[in-house]
Amino acid sequence: MSEFSNDIYTEPEGYDRNTLNNLGPLARMAGIWTGERGLDIKPKADGPRKQAYVERIELQPIDPVTNGPQLFYGLRYLIIVNKPDQPKTYHEQVGYWLWEPATSTVIQTLAIPRGQIAMAAGVVAADAREFELIALRESETYGIRSNPFLEHGFKTVEYRIKVSFHDDGSWSYEEDTVMLIRGQSEPFHHLDRNHLHKVAEPTPNPQVTGKPA
């Protein structure tokens with residue numbers, strides 16, 4: 001039996017158009033953030049290598065989104081990561097953080113310019129102090145897709161991100177990207193973590209401001 005109604009077209013009515021008021025656990029993440037003490041543990045031919053990094057994350061509210069009766073509130077995001085004191089981009093990532101109030105589901109979509117995309121999800125309480133999202137390569141919904149070279153050399157089979165909120169208004173994350181690396185017998189856990197502090201407030205979504213996105 002499907003968990004969904006047979007009516008897949010009728011959109012909800014009367015919902016609040018102000019995204020910032022309806023983000024559930026994602027409300028604490030809206031805005032512009034910087035992190036100065038990032039740590040990346042990455043694979044190299046001679047074994048795992050640690051790399052310090054700094055990053056800037058911009059998370060701005062989008063107008064509410066509907067798929068027929070399904071309703072999402074969300075944040076559009078851009079991440080730029082650099083090695084300390086180096087202007088060259090070390091890592092770039094774009095995507096959306098989405099909150100579905102009806103099912104208490106948080107979704108993160110991500111795309112990186114290495115030819116890879118993923119979508120991770122988890123059921124989260126609206127007032128959660130921390131939560132974890134998961135994507136699995138074999139999933140038909142919350143999964144991972146990579147270009148042929150990455151599938152050949154660094155096959156990503158699992159992605160997890162744990163987000164924690166702190167009393168001072170900051171938040172932190174821990175990511176675990178599990179890869180099957182060609183020539184290695186054991187899965188490799190590519191780990192990233194950082195602690196983020198707000199440097200600017202978010203801009204209200206376009207339907208509230210009356211301005212185009």
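How exposed is Glu130, in terms of relative accessible area? Glu130 is partly exposed, with a relative accessible area of 44%, on a scale where buried means under 20%, exposed over 50% and partly exposed in between, as computed with a 1.4 Å probe on protein chains only. The structure is a predicted model, in which local features need pLDDT of at least 70 and side-chain atom pairs count only at pLDDT 80 or more, whereas totals for chains, interfaces and linings use all residues. Residues are numbered from 1 along each chain as its sequence is written, and side-chain values use heavy atoms, with hydrogens and water left out.

Side chains of opposite charge can pair when their charged atoms come close. With a salt bridge taken as a side-chain nitrogen of Lys or Arg within 4 Å of a carboxyl oxygen of Asp or Glu, the count comes to eight salt bridges. One of these joins the side chains of Glu130 and Lys162, at 3.7 Å from N to O. This pair links distant parts of the chain, 32 residues apart, with Glu130 in strand S7 (residues 130-136) and Lys162 in strand S9 (residues 154-165); strands here are DSSP runs of E with at least two residues, numbered from the N terminus. Lys162 is also partly exposed, at 32% relative accessible area. A salt bridge is likewise formed by Glu158 and Arg160, whose closest N and O atoms are 2.5 Å apart, and Arg160 counts as partly exposed at 26% relative accessibility. Through salt bridges that share partners, Glu132, Glu158 and Arg160 are joined into one network. In a further salt bridge, the side chains of Asp46 and Arg49 meet at 3.8 Å, N to O; Asp46 is exposed, with a relative accessible area of 66%, while Arg49 is partly exposed at 38%.

In soluble globular proteins, nonpolar side chains tend to be buried together. Leu26 touches Leu75, Trp97, Leu98, Trp99, Val106 and Phe131, residues up to four places away in sequence not being counted, where contact means heavy atoms within 4.5 Å.

Open space was examined on a 1 Å grid over the protein atoms alone, a pocket being an open set of points where a 1.4 Å probe fits, with protein on both sides within 12 Å along at least five of seven lines, and lining residues having an atom within 4 Å of a point. The largest pocket has a volume of about 880 Å³, volume being the space filled by probe spheres set on the points. Its lining comprises 36 residues, of which His91, Ile112, Arg114, His190 and Asp192 lie nearest the centre, and strand S10 (residues 171-181) gives the most to this lining, with five residues. The second largest pocket has a volume of about 510 Å³. Of the 18 residues that line the second largest pocket, Glu3, Phe4, Gln70, Glu100 and Thr103 are the closest to its centre.

Notes:
Helices (H or I, at least four residues) and strands (E, at least two) are DSSP runs, numbered from the N terminus.
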